[in-house]
Amino acid sequence: MKYKVHKKEINLPDGRQITIETGKLAKQADGSAVIQMGNAMLLATIVSSRTKSPVDFLPLTVDYREKFAAAGKFPGGFFKREARPSNEEILTMRLVDRVLRPLFPKDYHYETQVMIQLMSHDEDVMPDSLAGLAASTVIQLSDIPFEYPISEVRVGRIEGEFIINPSRAQLKESDIDIMVGASHDSVSMVEGEFDEISEEEMTDAIKFGHEAIKNQIQAQTELVNEVGKKETREYDSGLDDEDLLKNIHDKCYKDCYEVAKKGLSKKERSKNFSAIKEKLLESFSEEEIEEKGNLINSYFSKVEKDAVRELVLSEGIRLDGRKTDDIRPIWCEVNYLPSTHGSSIFTRGETQALATVTLGTSRDANIIDSPTQQGEENFYLHYNFPPFSTGEARPLRGTSRREIGHGNLAQRALTKVFPSDCPYTVRVVSEVLESNGSSSMATVCSGTMALMDAGVKISKPVSGIAMGLISDGKRYSVLSDILGDEDHLGDMDFKVTGTEDGITACQMDIKIKGLSYEILEKALEQAKDGRLKILNEMTKTIEKPSDEVKEHAPKMVKIEIDGSYIGAVIGPGGKVIQEMQKETGTTIVIEEEDEKGIIEILGTDQNMIDSVIQKIEDITFKPEVGKTYNVKVIKILDFGAVVEFRPSKEVLLHVSEIDWKRVEKVEDYLKIGDRIDVKYMGIDPRTKKQKVSRKVLIEKPEKK
């Protein structure tokens, strides 16, 4: 069967190329394409059901998978096949989903799957940088309704020069790592981490990425025109009823506006809005509710949203009574949990996060083993969002994509201040106990304080704030420290974290078209003021890391030994190291590195740690030629005495080396248990054995 391949090339500023191709693979999908950069190849497809889903939202699934075969590797585990997605794959799914989802029609309720697979890997290409381009390309090649093409790029900066889609090796030298998602006209998604850069530098990075995205969108358009643009499919959009909308607006708008203006708590506000809705439903017959119940609910939500937004735009008043740049009341506490290695509570308004810190050895490092990345993390953060934090009772179905995404954002924010020479593996866990607006930023704040409480020497404290935006196209208001409702009703969710000296991480989702850089810059400046206020409240509770780890927390000591002694420290079958651990209650980890043995000793009792160090020093002891040692006599022989440097480190002190005078009886000079000084003479060339001398330390008598 013949097929025709269509291909377009995209030139990057540094001369590299990206190729988008369609017509060869997966032709039964509604849209398919292969995206290639270097030897990295992604296969992307989209399929959307022709049967309307019963749910009243878009059931969209974005799936991204990295195949181990793409890198010539076998999957781990017993079954030797790919299983659940890794955290890195889930984070890529979220990056793509967040840009795509708002661009499908709001009334398009058809099961839709975007699937992206890494089929060939290149060490110099990070494939997640290409996933957004791949997804948009297949949508444009399909007949599925979608507003306009988009793309995503990663921006790095090395020695002041911006670069598009840097390699993993280049990222290690970069002070910026930011993913930008945008259409031709406006930026819609930003996520990244930074080495304490300024707001202006971040804006410049976004602008640079946006210019590259415009070229990628142009290539998509040219490819679609060459293939032939498909006519958008018809679908059941449901029924609109303008008269019903006007009726509900007339009945409820004023009441919703008044409730929004009262500055109530989340529960009270919800109770009041529910009362208005109940009153509205009472005005309809059972037949009308049965026929148009979904529309009535949808229109009521729209009226409620319109009222809240107008209150902000016209009066500058928010749902909880604050002004647009006000921060909710904050209280903090550290050392709350008596048995953890570090803990803190951060509460801002109706959002509360309890963070804990656990200190461990290199064995506790987080292992990363994927087709595109291998390694270990000695600092990682986990975020938990239980249903009770929002007053709900929901089934527990494992760690959600949202929890992974929020935890990753907080981890990236704190990684920038984590000490590179920290001897511990450090795990931070954030338990969200209350949530009404940016629990991820509360996690950053509580995580910072818990690290300092644990005695981890972070370079600077980090705070975070979530910003919002409400705009009607002519007027706009930037909101500091947004509520959950403001996130839902607003046009932007912009999270920014940083120290007093600069930004360390950000995450932004924009729901409106054409966000100007003027508004973005205002949001960044307002965010800076807000996070510095939050930082000030945090440092009132704990200003800097504790001088020492807690008494019950493990102390960590690292020592190096010659690699040839590793076997002796471990012992046959692990006997020596196991006995040391049992006797001292410590944990001992040995790793070989560059012909050296790196030994980690972890324990709560410093005396026991010192005991382990002494035992290891005894095992690895090697005398130096010309150096004097204080040794113990452990055996008397006719031809000398056996002396001991350290336990099991013995040497013969020959009778001829005891004194300058002729020694007839060793017992006349030495007794078992005596401690004497001897000089180590090295290997005797005659006997090929170690030689020590006592007499060379004694003044030689003059000859008569």
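T347 is buried, with a relative accessible area of 5%. Buried stands for under 20% relative accessible area, exposed for over 50% and partly exposed for the range in between, using a 1.4 Å probe and protein chains only. The model is predicted: local features need pLDDT of at least 70, side-chain atom pairs count only at pLDDT 80 or more, and totals for chains, interfaces and linings use all residues. Residues are numbered from 1 along each chain as its sequence is written, and side-chain values use heavy atoms, with hydrogens and water left out.

T347 sits in strand β12, residues 342-348. Strands (E, at least two residues) and helices (H or I, at least four) are DSSP runs, numbered from the N terminus. Not counting residues up to four places away in sequence, T347 touches P329, I330, W331 and Q352. Contact here means heavy atoms within 4.5 Å. With Q352, the side chain of T347 also makes a polar contact of 2.9 Å. Such a contact is a pair of N or O atoms within 3.5 Å; within protein, one must be able to donate a hydrogen and the other to accept it, and residues adjacent in sequence count only if both atoms are side-chain atoms.

**Nonpolar cores**

In soluble globular proteins, nonpolar side chains tend to be buried together. A nonpolar core is a set of buried Ala, Val, Leu, Ile, Met, Phe, Trp, Tyr and Cys residues joined through side-chain atoms within 4.5 Å. The largest one has 129 residues, and L100, M202, V426 and F494 have the most contacts inside it. Apart from it lies another core of 25 residues, including I248, Y299, V303 and L319. Leaving aside neighbours within four places in sequence, M202 is in contact with V190, F194, I197, F494, I503, C506 and L524.

**The six-stranded sheet**

An open sheet of 6 strands runs in the order β1-β2-β3-β4-β6-β5, with mixed pairing. Two strands pair if DSSP finds at least two bridges between them. At the edges are β1 (6-11) and β5 (60-66), each pairing on one side only. Neighbouring strands are turned by 15 degrees against each other on average, direction ignored.

β3 (residues 31-37) and β4 (residues 40-52) form a hairpin with 2 residues between them. In the turn, G38 has a positive phi of about 60 degrees. The two strands pair in the antiparallel sense over 7 bridges. β4 also joins β6 through 9 bridges, again antiparallel. Some bridge partners are listed here.

| Residue | Bridge partner |
|---|---|
| M37 | A40 in β4 |
| A33 | A44 in β4 |
| L42 | L118 in β6 |
| K679 | S693 in β29 |

Helix α2 (residues 128-141) lies across β1, β2 (17-22), β3, β4, β5 and β6 (110-120), at about 150 degrees to β3. Helix α4 (residues 199-227) lies across β1 and β2, at about 165 degrees to β1. Axes are lines fitted to C-alpha atoms, for helices over the stretch in contact, and angles run from 0 to 180 degrees between N-to-C directions.

**The five-stranded sheet**

Another open sheet has 5 strands in the order β27-β26-β25-β28-β29, with antiparallel pairing. Its edge strands are β27 (649-654) and β29 (690-693). The twist averages 50 degrees from one strand to the next. β28 (residues 675-683) joins β29 through 4 bridges.
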